[in-house]
Amino acid sequence: MNAFFKLLARNRLALAGGIVLSLVVLLALVTPLLPLKDPDVTNTAFRFQPPFSEGALLGTDHLGRDLLARLLYGTRLSLAVGFAAAVAAATIGAAIGIVAGFYGGRTDNIIMRGVDMLMAFPYILLALAIVAALGPGLLNALIAVAVVNVPFFARNIRGITVGIAHKEFVDAARLAGLSNTRIILSEILPNVIPVIVIAMSTTIGWMILETAGLSFLGLGSQPPQADLGSMLGEARSALITNPHTSVVPGAMILIIVMSINLLGDGVRDALDPRLKSGALSRPMAATRVERRDPVPQAEGKGLLEVQDLETQFHVKDRIYRAVGGVDLHVEKGECLGIIGESGSGKSVTALSVMGLVASPPGVITGGAVRYDGEDLVGAPYRKLRSMRGKNVAYIFQDPLATLHPLYRVGDQLIEAIRSHRPIGKAEGKRKAIELLEAVRIPNPAKRITDYPHEMSGGMRQRVGIAMALANEPDVIIADEPTTALDVTVQAQVLTILDDLRRSRGLAIVFITHDFGVVAQLCDRVAVMYAGRIVEEGTTDEILKAPRHPYTARLMACVPELGGGKRRLEAIAGLPPVVDKLPAGCAFADRCLKAQDDCRQGDIPLERVGSHAVRCLHPETPLSEAAE
Ligand code: ADP
Ligand code: MG
């Protein structure tokens, strides 16, 4: 609740609206206590006094009644009627919506068709018809406005309820033996109340206007009682000769409705969970870079070289060091594996390469990413955009998130090709079929008209690979592309990638947490922990003789087929949270070999030949490397 008010207060316009509205409401509440004239006493000798005249601050109307008093009493009445109508419409509408959405089927159909019929009439026309049937009067106007708005709430709430009624927790409640009424009250209602509040806050202004409209037409409040609408209506004939009589109530309506709407928008934004993160803006097209100095080029090895890369997330006053100084390189035709537990910074490292980490909150704070010797950190967006997919392409873990659900896979492939090369539709189609063939999708000419949901998980992942291949990139970064697949499909996907690497000289950076995959595909491996590389070497070296205790423990977690009976060892404890990294080795707290010196200073990555390790007490000392 506190967070809600904080968010609301951060929205300046909503805050302004809230303050103005509070003042108006306060004024309306204390009106009877103020030393005002009687709003209904006429004094025709004193009619049409201009504002600021003696004894009448805002002037008088056509019957000589004090405008200030009428305005304040009128505001009181208009607010009360508008608010009552909103509460009534929200209560009845929400009840109808919940019942229709929860019971579904025929109940839903009958109720909602009735609601549709109400909705088919223009608002004001329907309200007029209702007042005509009930007879003029403020209470009847209130009823009319409420009834007219019921369908809006009913539809809104029904939609939300349908979504919730099929969630697992509702099924669980039903299995637990709760009655329908109990389920509605304890499971559904708490989840729709925010929506009801949102809908109310955005419609209450509208309802005040509608009530004023009916009063303006003489169907609402009856003389001599004043509300804002009837004041406007009575002033109509004097609009030209004595404009102040219309301006006074008109300005008040403007102020009230405007402040309610501004506040309502703010309430909606603050209550909407998707906007709750505070980031009301879209992420930038490329990751923000805040690098003090460009990094001088090292020896210049490899096609893609990551040098001392630092990527952080700045969330409020916290700094998460997701990547804290990573060096990597990959040659043409080589496959580099990056392995590590979930949360060790693999994805963020990979996304930083092409500036794909979402900003805010992501920031690249140091290091360089060189493609063919050229630094890409801080490169202009146009440059990055022209290289994404063409020079460096990505394959992501979840193909359903990569593919647009509403477009055919063929069209998506063609779009990927055409974003880099100006080719015709027909040629694009031919190329798309070729690509699907290359990733061994059977019958590709037919398959390109499929939607993503018509394919199996393995096929979708292959479409993802085809998309990455579309522009014949030199480097493919595959971020756990097989984690969601079963073992046989995984083997097929790995074979495809391996073939492509050999036939096209593709460089692959393969991110995984599976040593089996590494053994199958990779030439070299980098092991990551808490945003840093703790060990690096050729696949052979690392699989045969892991040096870092973390690597060794990771490997001990992998079951071996035919390896005899063996205890599988999980690594106790959790990786450190990257906004509070300990000094020294980040793994020390979970390491069996940790000693006092492990918890101090910065432990460097020491290298002998191709094997490097960041550890003071490695499993096998580096000096034995030559043997
Ligand atoms: P993985 O190795 O599993 O791919 P990631 O690279 O996705 O791990 O994440 C690395 C670290 O960055 C994690 O500790 C994660 O909590 C943190 N992180 C990722 N995205 C964000 C974000 N938007 N805000 C704050 N922290 C994040
Ligand atoms: Mg990841």
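1. The shell around ligand 1 splits into 5 nonpolar, 5 polar and 2 charged residues. For the bookkeeping, Ala, Val, Leu, Ile, Met, Phe, Trp, Tyr, Cys and Pro go down as nonpolar, Asp, Glu, Lys and Arg as charged, and the others, Gly among them, as polar. Bear in mind that this is a predicted model, where local features need pLDDT of at least 70 and side-chain atom pairs pLDDT 80 or more, while totals for chains, interfaces and linings use all residues. Residues are numbered from 1 along each chain as its sequence is written, chains are lettered from A and ligands numbered from 1 in the order in which they are written, and side-chain values use heavy atoms, leaving out hydrogens and water.

2. Who is in that shell? Around ligand 1 sit Phe313, Ala322, Glu341, Ser342, Gly343, Ser344, Gly345, Lys346, Ser347, Val348, Pro361 and Val578 (near here is a heavy atom within 4 Å). Helix H11 (residues 346-353) gives the largest share, 3 residues; helices are DSSP runs of H or I, at least four residues, numbered from the N terminus.

3. Now the polar contacts, meaning pairs of N or O atoms within 3.5 Å. Gly343 has a polar backbone atom 2.6 Å from an oxygen atom of ligand 1. For Ser344, the distance from a polar backbone atom to a ligand 1 oxygen is 3.1 Å, and for a backbone N or O atom of Lys346 it is 2.9 Å. Ligand 1 taken alone exposes 560 Å², of which the protein buries 67% (Shrake-Rupley accessible areas, 1.4 Å probe).

4. On to the helices. H9 (residues 228-235) packs on H10 (residues 244-271) at about 150°, axes 8 Å apart; the axes are lines fitted to C-alpha atoms over the stretch in contact, with angles from 0 to 180 degrees between N-to-C directions. The two are therefore roughly antiparallel. By convention, under 35 degrees is roughly parallel, over 145 roughly antiparallel, 65 to 115 roughly perpendicular and the rest oblique. H9 passes H10 in a left-handed crossing, that is, with the near helix turned anticlockwise from the far one by less than a right angle; clockwise would be right-handed.

5. H9 also packs with H8 (residues 180-216), at an angle of about 40° and with axes 7 Å apart. So H8 is oblique to H9, and their crossing is right-handed.

6. Last pair: H4 (residues 105-120) and H6 (residues 138-165) meet at about 140°, their axes 9 Å apart. That angle makes H4 oblique to H6. The crossing of H4 past H6 is left-handed.

Note on methods. Polar contact = N/O pair within 3.5 Å; in protein donor to acceptor, adjacent residues only side chain to side chain.
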